[in-house]
Amino acid sequence: MTMGATLGKSDSPKKGWMPETKIEAKMVEAMQRRESHGSSVKSFNTIILKFPKIDESLRKCKAIFEQFDEDSNGTIEKEELKKSFSKLEIPLTEEEINDLFEACDINDDMGMEFSEFIVLLCLVYLLKDDPAAAHAKSQVGMPNLEATFETLVDTFVFLDKNKDGYVSKNEMVQAINETTSGERSSGRIAMKRFEEMDWDKNGMVNFKEFLFAFTRWVGLEDEESAEA
């Protein structure tokens, strides 16, 4: 038996772990680049305190969502997304748009809902952090959102202690423990939060999974279902 074969996924999620898609690999790379700068977030509490502000800022994306949703049916189809991106001159290849759409259309219902769209915008923000994309991002109303997206990126950097582009269960426990010292329930909170994030139950959370959980934590989805 070779050395490599003895390493099961459970022993080392990192070694046996492969990004699902090209876009995810890019996400992880972009996040690792970002992580080399460190995080300004000092504890999970500081993020919780920002929830109302983040929620308010994300709701402002509704106007952008409505522009993209040309047939006003409440979801953005792939063609609408492509059209909007080319109109805004956002430098994404067709393959990147397809990958992003598939990555964010969690319900596989062929259309992106508002919270899925927020995740997509935040991924575009992370992936297109070069000056060439700055003009395009201003077109989509990104400057107002950038501070919020930056907070989300920063939060992930804070959670990802070993800077590998993924948050593991242990890292989540560590982050929550640092915040709620002396509370016995902190371990349980960490587990619950982690389980909410780890959609595919593989023990590792990427930035996309983190964002989906985050939109639920700040209450974005509650209001949507109330409106429906």
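Predicted model: local features only at pLDDT ≥ 70, side-chain atom pairs only at ≥ 80, totals over all residues.
Is Cys 61 buried or exposed? Cys 61 is buried, with a relative accessible area of 0%.

View 1. Cys 61 takes part in no disulfide, and the nearest cysteine sulfur, 9.4 Å away, belongs to Cys 122. Turn to Cys 122 and the story repeats: no disulfide there, with the sulfur of Cys 61 as the nearest one. Cys 122 also counts as buried, at 1% relative accessibility. A disulfide is a covalent bond between the sulfur atoms of two cysteines. A search of the whole structure turns up zero of them.

**View 2. Phe 117 and its neighbours in the nonpolar core.** Cys 61 shows up again here, as one of the residues in contact with Phe 117. Setting aside neighbours within four places in sequence, Phe 117 also touches Ile 64, Phe 65, Phe 68, Ile 76 and Met 112. The largest nonpolar core has 63 residues, and Phe 117 is among those touching the most other members, along with Leu 81, Phe 85, Phe 207, Phe 210 and Phe 214. Helix H6 gives this core its largest share, twelve residues. In soluble globular proteins, nonpolar side chains tend to be buried together.

**View 3. Helix H5, wrapped by other helices.** H5 covers residues 94–104, and eight of its eleven residues are buried, so the helix is largely enclosed by the rest of the structure. Those buried residues are Glu 96, Ile 97, Asn 98, Asp 99, Leu 100, Phe 101, Ala 103 and Cys 104. What covers them? Part of the answer is helix H1 (22–35), helix H4 (78–87), helix H6 (114–127) and helix H11 (207–217).

**View 4. Helix H2 and its bend.** H2 runs over residues 44–59. Look along the helix and you'll find a bend of about 45° at Phe 51, with a proline, Pro 52, following within four residues. Phe 51 is also one of the buried residues of H2, together with Phe 44, Ile 47, Ile 54, Asp 55, Ser 57 and Leu 58.

View 5. The unreviewed UniProt entry lists "domain: EF-hand" at residues 56–91, 92–127, 147–182 and 185–220. In residues 56–91, the end C-alpha atoms lie 28 Å apart, and the span is 58% helix and 0% strand. For residues 92–127, that end-to-end distance is 10 Å, with 69% helix and 0% strand.

How values were computed. Residues numbered from 1 in each chain as written. Heavy atoms only, no water. Helix = DSSP H or I, 4+ residues; strand = E, 2+ residues; numbered from the N terminus. Expected span 1.5 Å × (residues − 1). Bend = angle between axes of the 7 residues up to and from the residue. Buried < 20%, exposed > 50% of the residue type's maximum accessible area, 1.4 Å probe, protein only. Contact = heavy atoms within 4.5 Å. Disulfide = S-S within 2.5 Å. Core = buried A, V, L, I, M, F, W, Y, C linked by side-chain atoms within 4.5 Å. UniProt positions renumbered as here; feature names shortened; annotations may be inferred.
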